Amino acid sequence: MGHATSVKILDAAESSFAEHGFAAASLRDITTKAGVNLASVNYHFGSKEALLASVLERRFGPVNQARLALLAELEAEPTPGPNVEGLVYALLAPVFQRRCEWDEQGTNFLQLIGRLLSVPHERVRSIMKAQFDEVIARFVPAFRRALPHLEADEVAWRILFLMGALINTMTWSGMSEMFGARQPCDADELLDALVLFGVSGMTAPSRQSATVLR
């Protein structure tokens, strides 16, 4: 019963936060949608901020664990170090794999992420950042080792650009016809295209080299 109640609350919170934003969605809205009382939210989560963290953890937790597992496999290979294509794949693929499992709830979650990233709410950003601390701590050094021709700052910016491309692909892929593109046949095709794009961007010449070439 307790688990079922917490799932109802998480589903309702995800939907309400996506529809109204974190600040505007009230706990009363959420409890009404979930069909539970306010005491249930306090019992299972403790606060609105903790509820948001749990909503994010439910989706991002398995994704990030899969990312770290793929990275560990790469680092265990008897090679000089993880290759860029493997790193890009490890960062992107788990999102596509989990997105298929989320079904229609994934739409709410992606809408929620779009809202959270667009609002300059420091506490919300802190909650969001905490979801990725371990992934960032592991992937950034791995990319630096795989891209020794780039300065550390440039590697960091390129990872940020890569994550931006991932977020936009997940939220906008259904509207690809706007840009004159057909709908991708399946998630694997879309992932392959994004990995190719990401590898090209991550391995491009440094800004200094590009300036010299111009």
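**Exercise 1.** Find which residues S15 touches, not counting residues up to four places away in sequence, and decide whether S15 is buried or exposed.

Solution. The model is a predicted one.
- Step 1: locate S15, which lies in helix 1 (residues 2-20).
- Step 2: list its neighbours beyond four places in sequence; S15 touches K33 and N108.
- Step 3: check for polar pairs; the side chains of S15 and K33 form a polar contact of 3.2 Å.
- Step 4: take the relative accessible area of S15, 18%. Buried means under 20%, so S15 is buried.

**Exercise 2.** Describe how helix 4 and helix 8 cross, and classify the residues of their contact.

Solution. 
- Step 1: take the axes of helix 4 (residues 48-76) and helix 8 (residues 133-146); they come within 10 Å and cross at roughly 30 degrees.
- Step 2: assign the hand, which is left-handed for this crossing.
- Step 3: collect the residues in contact. Helix 4 supplies N64, Q65, R67, L68, L71, A72 and E75; helix 8 supplies E134, V135, R138, F139, A142 and R145.
- Step 4: sort them by class, which gives six nonpolar, two polar and five charged residues.

**Exercise 3.** Place V119 in the chain, and state the C-alpha separation of V119 and A23.

Solution. 
- Step 1: V119 sits in the loop between helix 6 (105-118) and helix 7 (122-130).
- Step 2: V119 and A23 are 96 residues apart along the chain, and their C-alpha atoms are separated by 9.7 Å.
- Step 3: the relative accessible area of V119 is 40%, so V119 is partly exposed.

Conventions: Residues are numbered from 1 along each chain as its sequence is written. This is a predicted model: local features need pLDDT of at least 70, side-chain atom pairs count only at pLDDT 80 or more; totals for chains, interfaces and linings use all residues. Side-chain values use heavy atoms; hydrogens and water are left out. Axes are lines fitted to C-alpha atoms, for helices over the stretch in contact, and angles run from 0 to 180 degrees between N-to-C directions. Helices (H or I, at least four residues) and strands (E, at least two) are DSSP runs, numbered from the N terminus. A crossing is left-handed if the near helix is turned anticlockwise from the far one by less than a right angle, and right-handed if clockwise. Contact means heavy atoms within 4.5 Å. Ala, Val, Leu, Ile, Met, Phe, Trp, Tyr, Cys and Pro count as nonpolar, Asp, Glu, Lys and Arg as charged, and the others, Gly among them, as polar. Buried means under 20% relative accessible area, exposed over 50%, partly exposed in between (1.4 Å probe, protein chains only). A polar contact is a pair of N or O atoms within 3.5 Å; within protein, one must be able to donate a hydrogen and the other to accept it, and residues adjacent in sequence count only if both atoms are side-chain atoms.
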